[in-house]
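Subject: Structure handover

Hello,

Here is the structure for you to look over. My notes follow below it.

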Amino acid sequence: MIQLFRLSKKFGPNLVLNDIELRIREGEFVFVTGPSGAGKTTLLRLIFGAEKPASGYILINSINLNRISGPKLDLLRRKIGFIFQDFKLLPKKTVFENVAIALEVTGLRPKFIRKKTHQTLRLVGLAEKEMAYPLSLSGGEQQRVAIARAIVKDPLILLADEPTGNLDPELTREIMGLFRRIHQKGTTIVVATHSRELLGDTDYRTIILNRGQIYEDIDTPVRSP
Ligand SMILES: Nc1ncnc2c1ncn2[C@@H]1O[C@H](COP(=O)(O)OP(=O)(O)O)[C@@H](O)[C@H]1O
Ligand SMILES: [Mg+2]
């Protein structure tokens, strides 16, 4: 479903991703980890079509990201939810509006948008905070608004960049539980993190990036009985 072929990315002379080959199957849950500066964020941004590679290409459901732009790229992006490291919430809009906005661009009926937004905020445990403004929320609550906004459109793929960046271990577990539930509904999830807490002793496939290359790709280990 997500296929990377000999993918390289440069910022100026800096080779940030170097000849990456990677396949992520439909419905997989994958962690991308590695030290700061390894290229995790850049990799997610390339998959989202927010960056162009220096060479190589990405197929998302057989669509070559190098070959599309404008409305066609927008259409593909509607199928991808992106949770940004810094949330990118709109401070002058309520929690409800911050989430609903992701659906408003799709031309869906207002009644459906309201219903879907309420439902998604319930899922992330923020039903009581719909009318609050982002800055009045805790870090963990803001993170859940960002998650709600990314999943409200039922994306096929969810990309999360350091989704537990500043959260304590308990909130980290809570967010991980939320991702598990989203994954169980069939969503493909790619989480970039350097957090040991989040990785824990995970059963999910873990790709370790180092200096722009795949250092290790540990596929789902078989659980011992
Ligand atoms: N927009 C940019 N312009 C120039 N250099 C960048 C840009 N984004 C990332 N980089 C560089 O690319 C490398 C990888 O960054 P990044 O993908 O953010 O790594 P990670 O998320 O693993 O910490 C770093 O050396 C970083 O400084
Ligand atoms: Mg990063």
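Strands β3 (residues 29–33) and β9 (residues 205–210) pair in the parallel sense, over four bridges. Thr33 stands opposite Ile208 in β9. Two strands count as paired if DSSP finds at least two bridges between them. Helices (H or I, at least four residues) and strands (E, at least two) are DSSP runs, numbered from the N terminus.

A note on the source: this is a predicted model, where local features need pLDDT of at least 70, side-chain atom pairs count only at pLDDT 80 or more, and totals for chains, interfaces and linings use all residues. Residues are numbered from 1 along each chain as its sequence is written, while chains are lettered from A and ligands numbered from 1 in the order in which they are written.

The sheet. Six strands make an open sheet with mixed pairing, in the order β6-β7-β8-β3-β9-β10. Its edge strands, β6 (80–83) and β10 (213–218), each pair on one side only. Neighbouring strands are turned by 15 degrees against each other on average, direction ignored. Helix α6 (residues 169–184) packs on this sheet and touches β3, β7 (157–161) and β8 (188–192). The direction of α6 makes about 155 degrees with that of β8. Axes are lines fitted to C-alpha atoms, for helices over the stretch in contact; angles run from 0 to 180 degrees between N-to-C directions.

The core. The largest nonpolar core has 52 residues. A core here is a set of buried Ala, Val, Leu, Ile, Met, Phe, Trp, Tyr and Cys residues joined through C-beta atoms within 7 Å. Among the members that touch the most others are Val32, Ile47 and Val190. Leaving aside neighbours within four places in sequence, Val32 is in contact (C-beta atoms, placed from the backbone, within 7 Å) with Lys40, Leu43, Val190, Ala192, Ile207 and Leu209.

Helix α1. Six of its eight residues are buried, so α1 is largely enclosed by the rest of the structure. Buried means 20 or more other C-beta atoms within 10 Å of the residue's own, with C-beta atoms placed from the backbone. Lys40, Thr42, Leu43, Leu44, Leu46 and Ile47 are the buried ones. Just after α1, Gly49 takes a positive phi of about 75 degrees.

The ligand. Residues around ligand 1 include Phe11, Asn14, Lys40 and Thr41; the cut-off is a C-beta atom, placed from the backbone, within 6 Å of the molecule. α1 gives the most to this shell, with three residues.

Best regards

How values were computed:
A residue is buried if 20 or more other C-beta atoms lie within 10 Å of its own, exposed if 12 or fewer, and partly exposed in between; C-beta atoms are placed from the backbone. Two residues are in contact if their C-beta atoms, placed from the backbone, lie within 7 Å.
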